[in-house]
Amino acid sequence: MSEFAVLQLSGCAGCEVSLLNAEAWVDRYKLVYMPLVISAYDVPDVDVLLVSGGVRTDEDLYNLRRAVRRANKVVAVGTCAISGGVASLGDRDEVRELFLAEEERRHVPRLLPRCRPIDAFVTVDRYLPGCPPTPELFMAVLFDLPDFKTSRVVCQECGRKKLKDMRPSHLIGFQQGGVLPDICLINQGYLCIGSSTRGGCRAPCPRAGHPCVGCRGPSDALIEKESGAWFASIRRVFAAMTDIPPQEIETGLRSPQLALFLFQFSDYARPGEPPRPKEKVL
Ligand code: SF4
Ligand code: SF4
Ligand code: SF4
């Protein structure tokens, strides 16, 4: 039986919970290290190492470098491992200052200057974006299923219809107002970015009436493009489907609800370095 380990760096443990919600791996893989559920001091030699969380502290970096030496294959799991995710919120000055004050007092691990994705330090064989990736996506990456297909973008998995004659003139804020079933959330004035976000999650958010905020990262068409290109693509969708003033869209795209994931789209293009290879991203 193949063995795998889960190394958790700075994140929220949501990725681990999603993995535990899947069960197909139980018959084919033995989980040998995952501090959330297994008492084991160190990562042993494994076939697959799943790494969740961003590299935020010196302890994260130490653990990451030690663990990858023991693994045949390394998979970066979730937005935090790929782009920093929630852990990168600590890059904000006021959060950092607060934490540094506590660091001294509580002897917590030393903060690195910035939160970094794991491929800034180690070679990654596969990327599994999502916050968290769904149990189904975990299964696809663990078993390397050749016939597992993801849709190009979330819209293809959503099932809501885009209407030509329902053009809102203003945005409705997140979590405000009612949501009509079956009709695209953009037609209803919600800032949904499913048309630019890679599919594979089966669109749980828009299906439930909440706009997609892009946690799966950029679609293959945008993955190697700079931020200007994916901003333009989102603007085009809203210009074609709504009469919302462009400035309102701009403000919405920069809102805290979207900033966390949307602005990490640009991490894939990695200015100054080769972009992350599309074929490695599930
Ligand atoms: S990617 Fe999301 S679910 Fe996974 S550790 Fe980060 S914040 Fe949590
Ligand atoms: S824009 Fe959002 S609501 Fe509309 S089809 Fe795409 S994912 Fe669904
Ligand atoms: S619908 Fe969008 S926000 Fe929701 S899980 Fe999928 S990619 Fe993430």
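**Figure 1. Ala-13 sits in the loop between strand S1 and helix H1.** Helices (H or I, at least four residues) and strands (E, at least two) are DSSP runs, numbered from the N terminus. Welcome to a predicted model, in which local features need pLDDT of at least 70 and side-chain atom pairs count only at pLDDT 80 or more, whereas totals for chains, interfaces and linings use all residues. Residues are numbered from 1 along each chain as its sequence is written, chains are lettered from A and ligands numbered from 1 in the order in which they are written, and side-chain values use heavy atoms, with hydrogens and water left out. The backbone is the thing to look at here: phi of Ala-13 is near 75°, a positive value in a residue other than glycine. Ala-13 counts as buried, because its relative accessibility is 15% (buried means under 20% relative accessible area, exposed over 50%, partly exposed in between, with a 1.4 Å probe and protein chains only).

Figure 2. The bond in question runs from Cys-131 to Pro-132, and its omega is near -5°. Pro-132 belongs to the loop between strand S7 (126-128) and helix H5 (135-143).

**Figure 3. Helix H2 (residues 58-68) and its buried residues.** Which residues of H2 are buried? They are Asp-60, Leu-61, Leu-64, Ala-67 and Val-68. These residues lie on the same side of H2, because they cover an arc of only 140° around the axis (the arc is that of the directions from the helix axis to the C-beta atoms). Their cover includes strand S1 (2-8), S3, strand S4 (55-57) and strand S5 (71-77). Zoom in on Ala-67, a residue of helix H2, which counts as buried at 2% relative accessibility. Leaving aside its neighbours within four places in sequence, Ala-67 is in contact (heavy atoms within 4.5 Å) with Leu-7, Val-43 and Leu-49. From Ala-67 to Val-141 it is 74 residues in sequence and 19 Å in space, C-alpha to C-alpha.

**Figure 4. The largest cavity and its lining.** Rolling a probe the size of a water molecule over the atoms shows where empty space is left. A cavity here is a set of points, on a 1 Å grid over the protein atoms alone, where a 1.4 Å probe fits but cannot get out, and lining residues have an atom within 4 Å of a point. Grid points are joined across faces, edges and corners, and a volume is the space filled by probe spheres set on the points. How many cavities of 30 Å³ or more does the structure hold? There are 2, and the largest contains about 60 Å³ of space. Among its lining residues are Pro-129, Cys-215, Phe-261, Gln-264, Phe-265 and Tyr-268. Helix H3 (residues 78-83) gives the most to this lining, with 4 residues. By class, the lining of the largest cavity has 6 nonpolar, 6 polar and no charged residues (Ala, Val, Leu, Ile, Met, Phe, Trp, Tyr, Cys and Pro count as nonpolar, Asp, Glu, Lys and Arg as charged, and the others, Gly among them, as polar).

**Figure 5. The second largest cavity, with a volume of about 30 Å³.** Its lining is made by Val-6, Cys-15, Glu-16, Leu-19, Leu-50, Val-51, Ser-52, Val-77 and Phe-138. Helix H1 (14-20) and strand S3 (46-52) are the elements that give two or more residues to it. In this lining, 7 residues are nonpolar, 1 is polar and 1 is charged.

Figure 6. A residue belongs to a shell if one of its heavy atoms lies within 4 Å of the ligand. Around ligand 2 you will find Cys-155, Cys-158, Cys-184 and Cys-192, and also Arg-160 and Lys-162, among others. That shell has 8 nonpolar, 1 polar and 2 charged residues. The surroundings of ligand 3 include Cys-201, Cys-205, Cys-212, Cys-215 and Arg-216, in a shell of 9 nonpolar, 2 polar and 1 charged residues.

Figure 7. Gln-188 is buried, with a relative accessible area of 8%, and its contacts beyond four places in sequence include Arg-160, Met-166, Ile-172 and Leu-180. Ser-196 is in the loop between H6 and H7 too. Is Ser-196 buried or exposed? It counts as buried, because its relative accessibility is 0%. Not counting residues up to four places away in sequence, Ser-196 touches Gly-217, Pro-218, Ser-219, Leu-222, Ser-233, Ile-234 and Phe-265. Arg-202, also found between H6 and H7, has a positive phi of about 70° although it is not a glycine. Arg-202 is partly exposed, with a relative accessible area of 29%.

How values were computed
1 Å grid on protein atoms, 1.4 Å probe; cavity = no way out; pocket = protein on both sides within 12 Å on 5 of 7 lines; lining within 4 Å.
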